[in-house]
Amino acid sequence: MSAENVKKFISFDALPGFLARAAEKNAVYVPRREGNAVVYRSFKAGDEAELGVRPTESCKHVVFPRGEELFSFAREADKEEPGKRRLVLTEASEPGAAVVFGALSCDARGFLAFDPVYNGSGTGGTAKDSYYLRRRNRTLIVVKACKNALNTCFCNWVGGGPASPQGADVLAVEAEQGLVLDILSGEGTAFTESLPAASEAQLAAAAAAVKAAEDSLPKAADVSAAPASLAALFSSAEFWNKESAHCLYCGACTYLCPTCYCFNITDESDGLTGVRLRSWDNCMSPLFTLEASGHNPRPNKADRLKNRVGHKFSYYPSLHSGRFSCCGCGRCIKSCPSSVDIRKIVLDAVKEAANV
Ligand code: SF4
Ligand code: SF4
């Protein structure tokens, strides 16, 4: 076994101390219980990480905050032209390095849907989003493989799996009262260098755990025809009215989605000073496309659901080498108050388009 392939081990007893030491150097985010929800929050010595529960939200906000200051502005007296004011802009402070410990494998893959949009490598445009990239490049992701699938999980439909290493710096698999750590990047090597190598028994137990998790997922549906099927149904009001009949356009699906990356820009000012913010937006809301004139190109919920599903399974793959902009986490299904199921919509579209 070469040094690069050595897998590490940390016991659950040693984990709090390890995370506390990491938190002395960088911001460390772990799943933590808040009421009935499990959410990613910063960790400090004495905190408890909820690594055995599927987090309610993804860790998307560590890299793409819900609300982010881009810069501040102030209108100050102009020393060279008395009586006039000039606009002074100040960049927001640089974020520090961060570690997400206990991301789901689907959520780590979710960042792969963000990357080509914000790093300019996709065919949708070449602009780079420096605000996204500086956080993305400074965030180390430790995935904790799932032990079993929920009935809302479908990561295997879209190229993932409960222990997929895609998007992870370290892949942690529960075994023998601890975690076997597969090191996948140079940053992951540095993060885990103080830990001992896993034993043969721990490696075998981890391999068995991965197999059990993969076996718990039902066979993946074939959605390879979805991009063409959804494109064929673009003008079918009948299909989209039927699929969206129960949608309340509450936006829970978009806010919980690890691959939804749309944002809004607002200025918040007080007198002569203020800040420019960007914050998550929600394409299921009629306000998302409402124009200043009052015209709305997506005035009803059928248009908006068509856009959301079409974007993830048709428009995005057409721009980004066939990759779906959905990691199959199932949160939109689990949290929808009206039981709208994106899997059913995609399968219905494939079936319907075959009959058109
Ligand atoms: S969570 Fe369900 S009801 Fe709410 S906007 Fe999404 S699909 Fe519609
Ligand atoms: S569309 Fe639904 S299943 Fe797909 S990544 Fe978003 S929340 Fe998860």
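**A working chat on the predicted model**

Colleague: Where is the place of Pro-165?

Modeller: Pro-165 sits in the loop between S7 and S8. This is a predicted model, in which local features need pLDDT of at least 70, side-chain atom pairs count only at pLDDT 80 or more, and totals for chains, interfaces and linings use all residues. Residues are numbered from 1 along each chain as its sequence is written, and side-chain values use heavy atoms, with hydrogens and water left out.

Colleague: Is Pro-165 buried, partly exposed or exposed?

Modeller: Pro-165 counts as partly exposed, at 41% relative accessibility. Buried means under 20% relative accessible area, exposed over 50%, and partly exposed in between, with a 1.4 Å probe and protein chains only. In space, Pro-165 and Ala-108 are 8.4 Å apart, C-alpha to C-alpha, although 57 residues apart in sequence.

Colleague: And Asp-182, where is that found?

Modeller: Asp-182 belongs to strand S9 (residues 178–183). Helices (H or I, at least four residues) and strands (E, at least two) are DSSP runs, numbered from the N terminus. Asp-182 has a relative accessible area of 23% and is therefore partly exposed.

Colleague: Which residues is Asp-182 in contact with?

Modeller: Leaving aside neighbours within four places in sequence, Asp-182 is in contact with Lys-7, Asp-169, Val-170 and Leu-171. Contact means heavy atoms within 4.5 Å.

Colleague: Changing topic: which residues touch the most other members of the largest nonpolar core?

Modeller: They are Ala-103, Tyr-132, Val-143 and Val-180, out of 32 residues in that core. A nonpolar core is a set of buried Ala, Val, Leu, Ile, Met, Phe, Trp, Tyr and Cys residues joined through side-chain atoms within 4.5 Å.

Colleague: Which element gives the most to this core?

Modeller: H3 does, with 5 residues. The elements giving two or more residues include strand S6 (98–103), helix H3 (105–118) and helix H4 (130–137).

Colleague: What about helix H10, where is its kink centred?

Modeller: The kink in H10 (residues 301–319) is centred on His-311 and is about 60°. That bend is the angle between axes fitted to the seven residues ending there and the seven starting there.

Colleague: At what angle do H10 and H12 pack?

Modeller: H10 packs against helix H12 (residues 342–355) at about 80°, with the axes 11 Å apart. The two helices are therefore roughly perpendicular (65 to 115 degrees). The contact is made by Leu-305, Arg-308, Val-309, Lys-312 and Phe-313 of H10 with Ile-342, Ile-345 and Val-346 of H12.

Definitions and conventions:
Chains are lettered from A and ligands numbered from 1 in the order in which they are written. Axes are lines fitted to C-alpha atoms, for helices over the stretch in contact, and angles run from 0 to 180 degrees between N-to-C directions. Angles under 35 degrees count as roughly parallel, over 145 as roughly antiparallel, 65 to 115 as roughly perpendicular and the rest as oblique.
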